[in-house]
2 protein chains.
Amino acid sequence: MSNEELEALRGQLDDINLELLNFINKRAELVQEIGRVKEKQGMNRYDPVRERKMLDLIEAHNEGPLELASLKHIFKEIFKLGLDLQEDNHKKALLV
Amino acid sequence: MSNEELEALRGQLDDINLELLNFINKRAELVQEIGRVKEKQGMNRYDPVRERKMLDLIEAHNEGPLELASLKHIFKEIFKLGLDLQEDNHKKALLV
């Protein structure tokens, strides 16, 4: 009985993991696109003011249970993935 | 013109950030629930085999652009948040 309960919850967790996977990849695609637009305009890819604004928006919408410090930590890691990918694309473009 | 394009892309990015916020918090709630079920059954909260299976599922569904190594890194951080929260709840329960 309880094992069935655990399995059902784990199924839900797998679904959420796949939603996260989807949105993290979608986000990376979008960051690549933003990188291309910024490059055309000769803008710097990393923009700390914009990063701050994104974190402020996250703070304003957080209803828990996770605390803001934990969320900031995870989102900074997610932001970093996007920037790393832009950096890779930039290097590849330079090699072409 | 291009600034409008950039603003539109940034709006999409904010939407994705809020979707991620929603799913990360939903995931944390579910992990708390799983922790309670496991505790009732006297099971250990941390289960490396289960963590491995979650990562395998993520690997099987990844269509990029992010590479598996980057995704594993971010998901391990997300898993850690869930475990930390279970740990906090456990400590609070012991204090009651």
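How many salt bridges does the rule find across the interface of chain A and chain B?

Modeller: The rule finds four salt bridges across the interface of chain A and chain B, a salt bridge being a side-chain nitrogen of Lys or Arg within 4 Å of a carboxyl oxygen of Asp or Glu. One of them joins Asp14(A) to Arg50(B), with the closest N and O atoms 3.4 Å apart. This is a predicted model, in which local features need pLDDT of at least 70 and side-chain atom pairs count only at pLDDT 80 or more, while totals for chains, interfaces and linings use all residues. Residues are numbered from 1 along each chain as its sequence is written, chains are lettered from A and ligands numbered from 1 in the order in which they are written, and side-chain values use heavy atoms, with hydrogens and water left out.

Across the same interface there are 16 residue pairs in polar contact, both residues being at pLDDT 80 or more. A polar contact is a pair of N or O atoms within 3.5 Å; within protein, one must be able to donate a hydrogen and the other to accept it, and residues adjacent in sequence count only if both atoms are side-chain atoms. On the side of chain A that touches chain B, helix 1 (2–40), helix 2 (48–61) and helix 3 (68–95) each supply at least two residues, helices being DSSP runs of H or I of at least four residues, numbered from the N terminus. Helix 1 of chain A gives the most, with 29 residues.

As to extent, 52 residues from chain A and 52 residues from chain B take part in the contact, which means heavy atoms within 4.5 Å. The buried area is about 5,200 Å², with 74% from carbon and sulfur atoms; this is the accessible area (1.4 Å probe) that two parts lose on being put together, summed over both.

A polar atom of the Asn25(B) side chain lies 3.4 Å from the backbone oxygen of Gly64(A). Beyond its neighbours within four places in sequence, Asn25(B) is in contact with residues including Asn62(A), Pro65(A) and Leu71(A).

Finally, 100% of the interface residues of chain A are also interface residues in chain B, so the copies meet through the same surface.
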